[in-house]
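Open the model in your viewer and keep the sequence panel beside it. The stops below say what to select next and what is there.

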Amino acid sequence: MADLSFLNQLKQWHDDNAFQKIIDAIEAIPQAEWDYELICQLARAYNNLVVMEDESSQYLKRSIALLESVQQQGENDPLWHYRLGYAYYFSMHFRKALRCFQAALRLDPQDEDTQDFIQLTQKQCVRHYNK
């Protein structure tokens with residue numbers, strides 16, 4: 001498990017939109033030492049880097065692969081479902097995204113971001129699949 005000071009540094013970089021620093025720091029750690037939290041933080045950084053970079057599809061694919069690698073651990077974690085849904089949404093896999101966001105909402109019914117993404121994703125499903 002990552003130590004608290006490292007996790008706090010990751011949080012600070014996230015708050016500063018320094019997503020590449022997060023990626024570089026985590027990927028400098030041998031992959032065998034990555035735990036659930038580090039994998040989720042790395043996937044989050046890749047998701048957020050999408051907003052800032054042109055090569056977003058490679059980042060989204062990496063985020064999806066990371067999150068899928070800890071699927072069993074994330075099963076009851078609303079953030080895991082939300083992050084996977086986010087990656088699917090921006091990969092234009094709207095049905096998969098909707099399932100993830102709905103699972104996140106079942107686990108955390110009060111989360112407004114998830115509620116917003118469900119509405120956005122439902123609109124995209126209608127737009128893309130009901131032509």
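**Stop 1: Gln41**

Select Gln41, which counts as buried because its relative accessibility is 9%, under the 20% cut-off. This is a predicted model. Gln41 sits in helix α3, which covers residues 36-49. Now show what surrounds the residue. Apart from neighbours within four places in sequence, Gln41 is in contact with Leu10, Ile22, Ile26 and Arg83.

**Stop 2: α1 and α2**

Two packed helices are described by the angle between their axes and the distance between the axes. Select residues 4-15 for helix α1 and residues 19-27 for helix α2; the two pack at an angle of about 155 degrees, with axes 8 Å apart. That angle makes α1 roughly antiparallel to α2, since angles over 145 degrees count as such. The crossing of α1 past α2 is left-handed.

Show side chains where the two helices meet. From α1, the contact uses Phe6, Leu10, Trp13 and His14, and from α2 it uses Phe19, Lys21, Ile22, Ala25 and Ile26. By class, these residues are 7 nonpolar, 1 polar and 1 charged. Leu10, Ile22 and Ile26 are among the residues of this contact, and Gln41 touches them as well.

**Stop 3: Asn17**

Go to the loop between α1 and α2 and select Asn17. Its phi is near 60 degrees, a positive value in a residue other than glycine. Is Asn17 buried, partly exposed or exposed? With a relative accessible area of 46%, Asn17 is partly exposed, because that class lies between 20% and 50%.

**Stop 4: Met92**

Next, select Met92 in the loop between α6 and α7. Met92 also has a positive phi without being glycine, with a value near 65 degrees.

**Stop 5: α7**

Select residues 94-107, which form helix α7. The helix has 14 residues and spans 20 Å from first C-alpha to last, close to the 20 Å expected at 1.5 Å a residue. Which residues of α7 are buried? They are Phe94, Ala97, Leu98, Cys100, Phe101, Ala103 and Ala104. An α-helix has 3.6 residues a turn, so residues three or four places apart point the same way. The buried residues of α7 pack against α6 (78-90) and α8 (112-129).

**Stop 6: α6 against α7**

On the α6 side, select Pro78, His81, Tyr82, Leu84, Gly85, Tyr86, Tyr88 and Tyr89; they meet Phe94, Lys96, Ala97, Cys100, Phe101, Ala103, Ala104 and Leu107 in α7. The contact divides into 13 nonpolar, 2 polar and 1 charged residues.

**Stop 7: α7 against α8**

The α7 side of the contact consists of Phe94, Arg95, Ala97, Leu98, Phe101, Gln102, Ala104 and Leu105. Facing them in α8 are Thr114, Gln115, Phe117, Ile118, Thr121, Gln122, Gln124, Cys125, His128 and Tyr129. By class, the contact has 10 nonpolar, 7 polar and 1 charged residues.

To finish, select Phe94, Ala97, Phe101 and Ala104 of α7. These residues take part in the contact with α8 and also meet α6.

How values were computed:
Residues numbered from 1 in each chain as written. Predicted model: local features only at pLDDT ≥ 70, side-chain atom pairs only at ≥ 80, totals over all residues. Heavy atoms only, no water. Axes fitted to C-alpha atoms, helices over the stretch in contact; angles between N-to-C directions. Helix = DSSP H or I, 4+ residues; strand = E, 2+ residues; numbered from the N terminus. Parallel < 35°, antiparallel > 145°, perpendicular 65-115°, else oblique. Left-handed = near helix turned anticlockwise from the far one by under 90°. Contact = heavy atoms within 4.5 Å. Nonpolar A, V, L, I, M, F, W, Y, C, P; charged D, E, K, R; others polar. Expected span 1.5 Å × (residues − 1). Buried < 20%, exposed > 50% of the residue type's maximum accessible area, 1.4 Å probe, protein only.
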